[in-house]
Amino acid sequence: MGTLSLVYFTVTESYLGYTLGKKIFGIKVTHMNGTKPSLKKIFARNITKFNAVLLLADTIIGYYTSNTHQKYSDNYVNTTVVNSNLPKVTFHETPWHEATC
């Protein structure tokens with residue numbers, strides 16, 4: 001984790017609305033009202049990713065204190081992760097995969 005992951009999550013979510021993993025699963029980060037969150041809100045929701053213990057605490061506290069079972073930081077800054085209208089990433093089988101199965 002650390003600084004690099006904090007920068008990655010903050011930059012990609014603030015400019016694109018999603019990270020590579022979120023893109024693969026067809027989800028994105030939005031403000032609770034459906035608009036694009038500000039850079040400040042994206043940074044605040046990701047600050048706990050700087051440290052694994054903080055992220056775990058954020059997740060556990062949010063799960064038990066929220067009706068939606070979101071991270072505490074998401075509830076605090078009014079952001080949420082939703083299904084997106086973006087096409088999901090699909091992986092095509094390759095000839096070598098078919099030959100080995």
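## Basis of the report

This is a predicted model, in which local features need pLDDT of at least 70 and side-chain atom pairs count only at pLDDT 80 or more, while totals for chains, interfaces and linings use all residues. Residues are numbered from 1 along each chain as its sequence is written, and side-chain values use heavy atoms, with hydrogens and water left out.

## The salt-bridge network

A salt bridge is a side-chain nitrogen of Lys or Arg within 4 Å of a carboxyl oxygen of Asp or Glu. The whole structure holds 4 salt bridges. Glutamate 13 lies in helix H1 and arginine 45 in helix H3, 32 residues apart; helices are DSSP runs of H or I with at least four residues, numbered from the N terminus. Glutamate 13 also pairs with lysine 22, with the closest N and O atoms 2.8 Å apart.

Arginine 45 meets aspartate 74 as well, at 2.6 Å from N to O. Aspartate 74 belongs to helix H5 (residues 72-77), 29 residues from arginine 45. Through shared partners, Glu13, Lys22, Arg45 and Asp74 form one network.

## Burial of the partners

Buried means under 20% relative accessible area, exposed over 50% and partly exposed in between, with a 1.4 Å probe and protein chains only. Glutamate 13 is buried at 1%, and lysine 22 is buried at 11%. Arginine 45 is buried at 3%, and aspartate 74 is buried at 4%.

Notes: Helix = DSSP H or I, 4+ residues; strand = E, 2+ residues; numbered from the N terminus.
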